[in-house]
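This report walks through selected features of the structure shown below, moving from a single loop residue to the sheets, the helices packed on them and the aromatic side chains. Please keep the sequence and the model at hand while reading.

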Amino acid sequence: MWELYDELIAGIPQDATVDDMACGVSGTYVRSGVGVGITSAAAETWREPMMTGKSIGMPLRELAECIKSWSFEEAGLGLAAINAWYNDTAHLRALGLDIPDAAHVEDRSADPFIALQREMKGKTVTTIGHFPLIDQLLAPICNLSVVEKFYPRDGDYPEQAADYLLPDSDYVVISAYTIVEKSLPRFLKLCKNAHVTIIGSSSTVTPILRRYGVDDIAGFAVKNSEAAKNICLGFGGNIHSTGQKINYRTQL
């Protein structure tokens, strides 16, 4: 079950170090010489962290190992460390993505619900997470099922329903938070017949995920490091104002 995580960690350069990090009420933040990574705040955590001692100056790959922690707050730091490498603008440009130098870029085509709306018409669609606006964008055009663990609304399914819904779905959209809570590998194994999108500012943008069944990644590249840190610490603001949404098709 750790294969995906091990491969992501192994891809981080051994000489990259942690220059700064923060864990706040709105998210986690890691800055390295190779880039900046963020994740959304942990929804719940009850385990003690596995990492002790000073983290500034430690190898980025070592901090990335915390993605395996069952303290989800600490695992969020691990994913932020992973994203500091894979979601760096230079790395994303090497994948063929258009990453302008502007500090903030608003690109509606990077929203997967808009990009895939035409393809999803008349199809069976399941989302892991009740995302904003899907009731308006998707529910009228497809057979939509929503699995929501933390804040379910009327009509949403519990997480256990994923075992029954995902194998029969044509399209599946999965919250990037499932990387932190370790449910992503199980969900991907249930999606053998579906077009799969990982979505969220916590998403790791890399073709590595293609080998595990991911077709699209809707992630985020931080361009204003200090602003992103302040937002993660809870000083207010929209994290998307600090950079650029990314829509990456892993087969490219």
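Leu133 is found in the loop that runs between strand S4 (124–128) and helix H7 (134–137), where helices (H or I, at least four residues) and strands (E, at least two) are DSSP runs numbered from the N terminus. With a relative accessibility of 53%, Leu133 counts as exposed; on this scale buried means under 20% relative accessible area, exposed over 50%, and partly exposed in between, using a 1.4 Å probe and protein chains only. Leu133 and Phe113 are 20 residues apart along the chain, and their C-alpha atoms are separated by 8.9 Å.

This is a predicted model, in which local features need pLDDT of at least 70 and side-chain atom pairs count only at pLDDT 80 or more, while totals for chains, interfaces and linings use all residues. Residues are numbered from 1 along each chain as its sequence is written, and side-chain values use heavy atoms, with hydrogens and water left out.

## The six-stranded sheet

Six strands form an open sheet with mixed pairing, in the order S5-S4-S6-S7-S8-S9; two strands are taken to pair if DSSP finds at least two bridges between them. Strand S5 (143–147) and strand S9 (243–249) stand at the edges with a single partner strand each, so one side of each is left without a neighbour in the sheet. From one strand to the next, the twist averages 20 degrees, with axes being lines fitted to C-alpha atoms (for helices over the stretch in contact) and angles running from 0 to 180 degrees between N-to-C directions.

Within this sheet, strand S7 (residues 195–199) and strand S8 (residues 216–222) run parallel and are joined by three bridges, and Ile199 stands opposite Ala218 in S8. The loop between S7 and S8 holds Ser201, which counts as buried at 16% relative accessibility. Apart from neighbours within four places in sequence, Ser201 is in contact (heavy atoms within 4.5 Å) with Ile38, Asn83, Phe220 and His240.

Strand S2 (residues 27–32) is paired with S3 over six antiparallel bridges, and the bridge partner of Arg31 in S3 is Val36.

The buried residues of H11 are Ser225, Ala228, Lys229, Ile231 and Cys232. These residues cover an arc of only 165 degrees around the axis, which puts them on the same side of H11; the arc is that of the directions from the helix axis to the C-beta atoms. The buried residues of H11 pack against S1, S2, S3 and S8, and H11 is followed by Gly234, which has a positive phi near 100 degrees.

A pair of aromatic rings is described by the distance of the centres and the angle of the planes. Rings of Phe, Tyr and Trp (its six-membered ring) pair if their centres lie within 6.5 Å, and planes under 30 degrees apart count as stacked, over 60 as edge-to-face and the rest as tilted. By this rule there are six aromatic pairs. In one of them, the rings of Trp2 and Tyr5 have centres 5.5 Å apart and planes at 70 degrees, so the pair is edge-to-face. Trp2 is partly exposed, with a relative accessible area of 31%, whereas Tyr5 counts as buried at 1% relative accessibility.

The rings of Trp2 and Trp70 also form an edge-to-face pair, because their centres are 6.3 Å apart and their planes stand at 65 degrees. This pair links distant parts of the chain, 68 residues apart, with Trp2 in the segment before helix H1 (3–10) and Trp70 in the loop between helix H2 (60–64) and helix H3 (72–86). Trp70 counts as partly exposed at 43% relative accessibility, and ring pairs link Trp2, Tyr5, Trp70 and Phe72 into a cluster. Lys182 lies over the face of Trp70, at 4.9 Å from the ring centre; a charge sits over a ring if NZ of Lys or CZ of Arg is within 6 Å of the ring centre and within 35 degrees of the ring normal.
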